Amino acid sequence: MAIKQISITLENIPGTLMDVSERLGIEGINIRAISVAEADKTSAVRFVTDNPPKTLNVLRTHGYAVQETDVIAV
């Protein structure tokens, strides 16, 4: 089954991932899966949520550059 994955890049600063997860939680969006790949100064964060369109809207509204990708759920 194909589902939507949402990706953002965050700076490696304490609290940045918490800020994103709190913003989603306030909007009633549940994170079903998350992957974080750390690099030197940034991290690639990939989410699967229960409401991808709303997730995209919330993240874009708060200034995050967002990518949406179709992935296969197993």
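This is a predicted model: local features need pLDDT of at least 70, side-chain atom pairs count only at pLDDT 80 or more; totals for chains, interfaces and linings use all residues.
Me: Why is T55 called buried?
Reply: Buried means under 20% relative accessible area, exposed over 50%, and partly exposed in between (1.4 Å probe, protein chains only). T55 has a relative accessible area of 0%, and is therefore buried.

Me: Which residues is T55 in contact with, leaving aside its neighbours within four places in sequence?
Reply: T55, found in helix α2 (residues 52–61), is in contact with I6, L24, I29 and T49. Contact means heavy atoms within 4.5 Å.

Me: Why is L17 called partly exposed?
Reply: The relative accessible area of L17 is 32%, so L17 is partly exposed. L17 is placed in helix α1 (residues 16–26).

Me: What makes up the nonpolar patch on the surface?
Reply: L17, I31, I34 and V36 form the patch, with about 300 Å² of accessible area together. Patch residues have over 30% relative accessible area and no salt bridge, and nonpolar side chains are joined within 5 Å. Strand β2 (residues 31–38) gives the most, with three residues.

Me: What makes β2 and β4 edge strands?
Reply: Four strands form an open antiparallel sheet in the order β2-β3-β1-β4. Each of β2 and β4 (67–72) pairs on one side only. Two strands pair if DSSP finds at least two bridges between them; β1 (residues 2–11) and β4 have six.

Conventions
Residues are numbered from 1 along each chain as its sequence is written. Side-chain values use heavy atoms; hydrogens and water are left out. Patches are made of residues with over 30% relative accessible area and no salt bridge: like charges are joined within 9 Å, nonpolar side chains (Val, Leu, Ile, Met, Phe, Trp, Tyr) within 5 Å. Accessible areas come from the Shrake-Rupley method with a 1.4 Å probe; for residues, only the protein chains shown count as cover. A salt bridge is a side-chain nitrogen of Lys or Arg within 4 Å of a carboxyl oxygen of Asp or Glu. Helices (H or I, at least four residues) and strands (E, at least two) are DSSP runs, numbered from the N terminus.
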